[in-house]
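Hi everyone, thanks for making time for this. I'd like to walk you through one chain today, so please have a look at the screen.

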Amino acid sequence: MLVKTILSGMARSASRSLSTTAARGGGDTLVVHKDTPENNAETPFVFTTENADRAQAIMSIYPDGHKRAAVIPMLDLAQRQNGGWLPISAMHHVAEVIGMPRMRVYEVATFYTMFMRNPVGKYHVQICTTTPCWLRGSDEIMEAIKANLGIGPGQMTGDKLFTLSEVECLGACVNAPMVQINDDYYEDLTVKDTHEILDDLKAGKKPPAGPRSGRYAAEPFGKLTSLIETPPGPGVGVRADL
């Protein structure tokens, strides 16, 4: 049974390697920019008054001569202002505010997968399918999402409410399987949990983030199996003459 599982996983990984990242991500990871009516250099973008103040506060953290290091939080600020995705005009504005070449901003925006360079829905559903989540049933969670929303990875629902992305490790392996929706992690998922979360979002509700299993965080489901002895007090094992 174990051999069958391993071979199945190898075949699954091989089939993934034959597909392009752009195909799985819906084009948001393409390095080459292509103008569209909603995403071109003429698309108006400037920081709001509030975000302009935030931008200055971010840049103030960095010493003179190193302001360009603020490019990642500045791009994140621009993406949040623009509804979760980063048009090229926003990159140009960030370059202007920081005072760095546009090409350097492009290099950052195209390298980090956190920056979405195509429009996304109000709720960006990112499902982890890396090994720990896969072993814990991410395939079933993916199928539940696809069935509930009627879309596949890299696609957006017709009402522009949801975008689905298949991503690599999100750092919550002990709570696998999990999804990230906007800034929230939903962990220890079952198929039933997944449908409930998506249905709540459709109804305008905010489902509570975190583990759905009853765990508070990442503690074991049962009793502790290590570090169960009372820790020794100060001086234990130290020579009396020292």
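This is a predicted model: local features need pLDDT of at least 70, side-chain atom pairs count only at pLDDT 80 or more; totals for chains, interfaces and linings use all residues.

Let me start with a question: which element gives the largest share of the lining of the largest cavity?

Now, the cavity. The structure holds 1 cavity of 30 Å³ or more, and the space inside the largest cavity comes to about 30 Å³. Its lining is made up of V125, I145, V179, I181, L189, T194, I197 and L198. Two elements give two or more residues to that lining, namely β3, residues 179–181, and α9, residues 191–202. And here is the reply to my opening question: α9 provides the largest share, with 3 residues.

Let's step back to the whole chain. There are 9 helices and 5 strands. If you follow the sequence, the pattern reads α-α-α-α-α-α-β-α-α-β-β-β-α-β. Of the 242 residues in the chain, 38% are buried. If we take contacts between residues at least 6 apart in sequence, 62% of them join residues at least 24 apart.

Next, the sheet. In what order do the 5 strands sit? They run β2-β1-β3-β4-β5, forming an open sheet with mixed pairing. At the edges are β2 and β5, the latter being residues 210–211, and each of these pairs on one side only.

Let's look at β2, residues 162–167. Is this strand mostly covered or mostly open? Mostly covered: 6 of its 6 residues are buried. F162, L164 and E166 point one way from the strand, while T163, S165 and V167 point the other way, and all are buried. The partner of β2 is β1, residues 123–128, and the two pair in the parallel sense over 6 bridges. Within that pairing, V125 stands opposite L164.

I'll finish with some backbone details. As a reminder, most residues other than glycine have a negative phi, and most peptide bonds are trans. So where do we find a cis peptide bond? One joins A176 and P177, with omega of about -5°. P177 is in the loop between β2 and β3.

There are positive phi values to point out as well. K160 is not a glycine, yet its phi is positive, about 60°. This residue lies in the loop between α8 and β2. K160 counts as exposed because its relative accessibility is 58%, and the cut-off for exposed is over 50%. N182 also has a positive phi, near 55°, without being a glycine. You will find N182 in the loop between β3 and β4. With 32% relative accessibility, N182 counts as partly exposed.

That's my tour, and I'm happy to take questions.

Note on methods
Residues are numbered from 1 along each chain as its sequence is written. Side-chain values use heavy atoms; hydrogens and water are left out. On a 1 Å grid over the protein atoms alone, a cavity is a set of points where a 1.4 Å probe fits but cannot get out, and a pocket is an open set with protein on both sides within 12 Å along at least five of seven lines; lining residues have an atom within 4 Å of a point. Grid points are joined across faces, edges and corners, and a volume is the space filled by probe spheres set on the points. Helices (H or I, at least four residues) and strands (E, at least two) are DSSP runs, numbered from the N terminus. Buried means under 20% relative accessible area, exposed over 50%, partly exposed in between (1.4 Å probe, protein chains only). Two strands pair if DSSP finds at least two bridges between them. Contact means heavy atoms within 4.5 Å.
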